[in-house]
Amino acid sequence: MTNQNVLVSDAKGMAITVTVAAKKAMFSQSVPKPMTEGGGGGCFTIPMNIKVLKVDTEGGAARVNAWVDSLRASSPTRVKSATPQSLSETVDYNSWTIHHPSAMSMFEQITNASKGKQIVMFLDYDGTLSPIVEDPDSAFMSNEMRKAVRDAARYFPTAIVSGRCRDKVYSFVQLGELYYAGSHGMDIRGPSKSSKYKNDNQAVLFQPASEFVPMIDEVYKTLLEKTRSISGSRVENNKFCLSVHFRCVDEKSWAALAEQVRLVLNEYPKLRLTQGRKVLEIRPTIKWDKGKALEFLLESLGYANSNEVFPVYIGDDRTDEDAFKVLRDRGQGFGILVSKVPKETNASYTLQEPAEVKDFLRRLVKWKRLSNQQRN
Ligand SMILES: O=P(O)(O)OC[C@H]1O[C@H](O[C@H]2O[C@H](CO)[C@@H](O)[C@H](O)[C@H]2O)[C@H](O)[C@@H](O)[C@@H]1O
């Protein structure tokens, strides 16, 4: 892969800048070749591919039930406590943490593995920087978390990688010095504020799904109409993708809501479904996800084929697994899953909740400051 930029056109014929490797990854079947050198963090992983929920016209009821079961399994209704309650929960939890230890308890091993390399930080938003709340418009991040992210960005190039629309996630984070990859990586922008990592000759702007915007708008309007009678349902327009929220819907109506999604999607074979935390996400069938966005950003930062980079990706969602898998396949850096409950994951380490993410970022900044002082 090279770090050379090329111009391609979006649907409106506007020139946008993409790197050669990103263009290749987007339009070909092949995934960029995994790196075999420069491995960093430990990888105790259970191989797992993110579930892409298939849309078919037959067996609709079975399909809808499978989605609902999958939504339930991936987003436990209530976590009573951070610590497991029953003996079997304790056994499950303990064996899971052997394979995915806490990033706080493994802090020294992590920083040792990163020595001599540039840490690049990738942060998911919902459930990672902000706690999960019922109203998606109120998922604010605390000022302490903002400060922790700002401090981290002083030492490490930092990107927010979110399923949200880029403008929306920017309005929550409000830090101009970061990279933002909104709509599951389908809308990437570099820092707007001066940053020591920004390369002005290489404006990062990438929107691989722009031709889908009219279709997404159409589906958004149709879904709003079709789901209006389902109390608590909500459809969120994330520009290049949509989220259909189940969180405030009575579980008895989940199948009805999922059925509406299925019926609408039957008309759009160029769209696919993925799922997050009590949410079904509708997005274009292009080969682009958070993992591809991570690779694109690394390349834009000049680390396409470098052994001197140590990417750290922190996320809580199934869609973050694409990025964890990229890091595992590259054997570079590591993923950290934010979760209080055992989950299948390609992440190497875990943190329990956003408060721990903040502590981890603070500790990393403190460690970096100290090691810089010792060097000078
Ligand atoms: O990639 P992310 O930044 O994690 O975004 C994924 C989805 O996050 C939001 O939904 C989730 O958080 C909401 C607020 O806490 C919560 O109400 C919802 O149940 C969660 O699924 C966002 O609203 C979605 O559009 C994103 O796709």
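**Ligand shell, sheet and cores in a predicted model**

User: How many residues surround the ligand, and which are the closest?
Analyst: In this predicted model, local features need pLDDT of at least 70 and side-chain atom pairs count only at pLDDT 80 or more, while totals for chains, interfaces and linings use all residues. Residues are numbered from 1 along each chain as its sequence is written. A residue is near a molecule if its C-beta atom, placed from the backbone, lies within 6 Å of it. The shell around the ligand has 24 residues, and the closest are Y125, D126, P136, S162 and G163.

User: Which elements give two or more residues to the shell around the ligand?
Analyst: Elements are DSSP runs numbered from the N terminus: helices are H or I of at least four residues, strands E of at least two. Two or more shell residues come from each of β9 (242-245) and β11 (279-284).

User: Which strands stand at the edges of the open sheet, and why is one side of each left without a neighbour?
Analyst: Eight strands form the sheet, with mixed pairing, in the order β7-β6-β5-β4-β3-β12-β13-β14. Two strands pair if DSSP finds at least two bridges between them. One side is left without a neighbour in the sheet because each edge strand has a single partner strand; these are β7 (205-206) and β14 (349-351).

User: What is the bridge partner of V338 in β14?
Analyst: Strand β13 (residues 334-338) pairs with β14 in the parallel sense over three bridges. In β14, V338 has as its bridge partner L351.

User: Which residues touch the most other members of the largest nonpolar core?
Analyst: A nonpolar core is a set of buried Ala, Val, Leu, Ile, Met, Phe, Trp, Tyr and Cys residues joined through C-beta atoms within 7 Å. Buried means 20 or more other C-beta atoms within 10 Å of a residue's own, exposed 12 or fewer, and partly exposed in between, with C-beta atoms placed from the backbone. In the largest core, of 57 residues, the most other members are touched by F122, I160 and L297.

User: How many residues does another core, apart from it, hold?
Analyst: This core includes L242, W254, A258 and V279. Its size is 27 residues.

User: Is K239 buried or exposed?
Analyst: K239 is found in the loop between β8 (234-237) and β9. Although not a glycine, K239 has a positive phi of about 70 degrees. Most residues other than glycine have a negative phi. With 22 other C-beta atoms within 10 Å, K239 is buried.
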